[in-house]
Amino acid sequence: MRVLLIGANGYIGRFVADRLLADPAVQLTALGRGDDADVRFDLASGSPGALTRFLDAVHPGVVVNCAGTTRGGARDLTRHNTVAVATVCEALRRSGCGARLVQIGCAAEYGPSQPGSSTAEDAVPRPGGPYGVSKLAATELVLGSGLDAVVLRVFSPAGPGTPAGSPLGRLAEAMRRAMQSGDGELKLGGLGAQRDFVDVRDVARAVHAASLSAAQGVINIGSGRAVRLRDAAATLARVAGYGGALHELDGPPGPLRPAIGHPRGDSDHVAPVAYPYPDGCGSWQQADVRTARDRLGWRPRINLEESLADIWMEAACRI
């Protein structure tokens with residue numbers, strides 16, 4: 001099976017590449033903006049016609065799109081998350097390769113959920129910010145393309161390579177700095193949110209399974225369990241061997257309430273965070289993952305403690 005992987009250098013894309021390369025039946029070609037891609041191509045500025053010519057030359061059976069961005073203003077998010085996907089869909093429609101498309105979506109497309117509920121794929125999406133809007137628009141483009149396509153809506157990925165700007169990445173960095181300075185107390189804000197964390201290696205397994213399946217539409221990829229960030233912080237402290245006290249500051253993070261990533265005494269560098277939840281997902285998100293089980297034969301294997309241990313191992317190397 002010839003697979004074209006777009007965004008192989010990204011957080012999820014790196015693990016998808018590793019997973020696909022481990023399958024001897026897969027012949028992998030990486031397309032991206034970096035110098036180390038097999039083929040350099042910028043989806044946000046490249047034409048569908050140019051991509052079509054490449055697809056006709058390579059003739060992949062599956063195209064996996066892990067490309068996109070989580071940062072920037074509405075214009076950048078639209079360009080890299082929506083326009084880029086429109087280019088992929090149009091190129092696939094024009095091409096004679098007949099490739100299946102596996103698109104990486106995001107739980108931010110759903111927006112806030114009712115606390116205690118599990119969000120299924122038939123929930124009405126109500127994204128709470130420009131990132132979620134840009135990803136939802138991409139999903140709608142894929143679903144309306146007429147292609148053989150599936151969108152994997154990934155909840156909160158965790159594990160090795162977790163970006164420093166993510167909640168768990170900032171938490172690990174805050175703990176590292178506290179341990180490095182011998183600070184016996186760590187004050188953090190924004191720990192009340194509950195998120196469904198899924199290990200990035202399990203996400204890669206889901207992408208592999210989706211590439212081989214005939215499933216179409218939207219499929220949630222998560223653990224099926226919401227975890228409060230303060231509980232994740234306590235687990236990380238245990239994994240790291242941090243014996244200091246963790247103090248949670250009440251209310252949403254802001255100029256006087258350091259968010260995750262700012263240990264005690266570092267408030268001078270705290271920037272205001274959009275109220276009340278910067279990711280637009282409210283206080284609660286939990287995936288209903290029955291569709292992934294039934295249609296992909298997929299279940300998460302790696303628990304959050306193992307994911308946090310890997311996050312900490314990388315942070316500890318900076319001490």
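## A buried phenylalanine and its partner

F155 counts as buried, with a relative accessibility of 4%; buried means under 20% relative accessible area, using a 1.4 Å probe and protein chains only. Y110 is buried too, at 3%. This is a predicted model, in which local features need pLDDT of at least 70 and side-chain atom pairs count only at 80 or more, while totals for chains, interfaces and linings use all residues. Residues are numbered from 1 along each chain as its sequence is written, and side-chain values use heavy atoms, leaving out hydrogens and water.

## Two aromatic pairs

Rings of Phe, Tyr and Trp (its six-membered ring) pair if their centres lie within 6.5 Å; planes under 30 degrees apart are stacked, over 60 edge-to-face, and the rest tilted. The count comes to 2 aromatic pairs. In one, Y11 and F15 have ring centres 6.5 Å apart and planes at 90°, so this pair is edge-to-face. Both Y11 and F15 are buried.

The pair of Y110 and F155 is tilted, with 6.1 Å between centres and 35° between planes. These two residues are 45 residues apart, and their pair links distant parts of the chain.

## Confidence

The average pLDDT, the predictor's confidence in each residue from 0 to 100, is 90 for this protein, and 91% of the residues score at least 70. Over residues 252-275, however, the pLDDT is below 50. Where pLDDT is low, the predicted coordinates should not be read in detail.

Terms used: Buried < 20%, exposed > 50% of the residue type's maximum accessible area, 1.4 Å probe, protein only. Helix = DSSP H or I, 4+ residues; strand = E, 2+ residues; numbered from the N terminus. Contact = heavy atoms within 4.5 Å.
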